[in-house]
Amino acid sequence: MRVIGLAGWSGAGKTTLLLKLIPELARCGVTVSTVKHAHHGFEVDRPGKDSHAHREAGASEVLVASSGRWVLMRELRGAPEPRLAEHLARLSPVDLVIVEGFKAEAHPKIAVHRAANGKPLIVPELDSVRAVASDEALPGLDMPVIRLDDVTAIASACLDHAEPHDALMARLAATPLRPRLKPMRQA
């Protein structure tokens with residue numbers, strides 16, 4: 001199992017790109033899982049459902065299972081947010097895990113940049129970026145820049161720059177978490 005991330009400011013197009021990358025990689029015979037960092041209060045179930053009632057009643061974990069899928073929800077109830085390594089350790093083996101978000105973690109990343117987003121290039125903030133997928137030319141950048149619409153080339157870059165799971169897990173355990181990044185307004 002190998003791991004690569006997509007990182008960029010909100011609105012850069014990470015999810016849109018990821019939804020194109022998954023089928024492209026699958027066409028190449030690569031099995032893919034994803035880890036997505038979400039905002040604080042996200043919900044996967046809703047009021048009126050038994051699983052929601054179980055959580056609201058105070059259950060620490062609720063596992064919902066059917067013949068088509070299962071999901072385990074864990075309430076942190078004030079405990080610290082788990083680091084990326086803890087989430088990666090929960091996954092079943094696949095060829096490639098693509099992490100969306102988790103900018104502050106030290107896994108290898110492809111930065112996603114969209115000029116119309118009006119936010120600066122995230123590359124100077126992160127030393128773990130290996131390539132940039134962008135809708136504009138970025139001359140002078142000391143890493144590969146791939147057109148944001150060239151999904152085949154981005155998929156290839158994901159495979160080229162992904163880090164083996166075991167090596168990454170050891171490195172993440174030894175790397176402190178960076179402070180949360182916030183975009184600066186462009187002048």
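On a 1 Å grid over the protein atoms alone, a pocket is an open set of points with protein on both sides within 12 Å along at least five of seven lines, whereas a cavity is a set of points where a 1.4 Å probe fits but cannot get out; lining residues have an atom within 4 Å of a point. Grid points are joined across faces, edges and corners, and a volume is the space filled by probe spheres set on the points. The model is predicted, so that local features need pLDDT of at least 70 and side-chain atom pairs count only at pLDDT 80 or more, while totals for chains, interfaces and linings use all residues. Residues are numbered from 1 along each chain as its sequence is written, and side-chain values use heavy atoms, with hydrogens and water left out.

The second largest pocket has a volume of about 210 Å³, and strands β3 (61-65) and β4 (70-74) each give two or more residues to its lining (strands being DSSP runs of E of at least two residues, and helices runs of H or I of at least four, numbered from the N terminus). Among the lining residues are Asp45, Arg46, Arg69 and Met73. The lining comprises five nonpolar, two polar and four charged residues (Ala, Val, Leu, Ile, Met, Phe, Trp, Tyr, Cys and Pro count as nonpolar, Asp, Glu, Lys and Arg as charged, and the others, Gly among them, as polar).

Asp45 also belongs to a network of salt bridges with Arg55 and Glu75, a salt bridge being a side-chain nitrogen of Lys or Arg within 4 Å of a carboxyl oxygen of Asp or Glu. In the bridge between Arg55 and Glu75 the N to O distance is 2.2 Å, and this pair joins helix α2 to the loop between β4 and α3 (84-90), across 20 residues. Arg55 is buried, at a relative accessible area of 8%, whereas Glu75 is partly exposed, at 24% (buried means under 20% relative accessible area, exposed over 50% and partly exposed in between, with a 1.4 Å probe and protein chains only). Helix α2 (residues 50-56) also holds His52, which counts as buried because its relative accessibility is 13%.

The count of salt bridges comes to eight. One of them joins Glu100 and Lys36 (3.2 Å, N to O), linking strand β5 to strand β2 over a separation of 64 residues; Glu100 is buried, with a relative accessible area of 3%.
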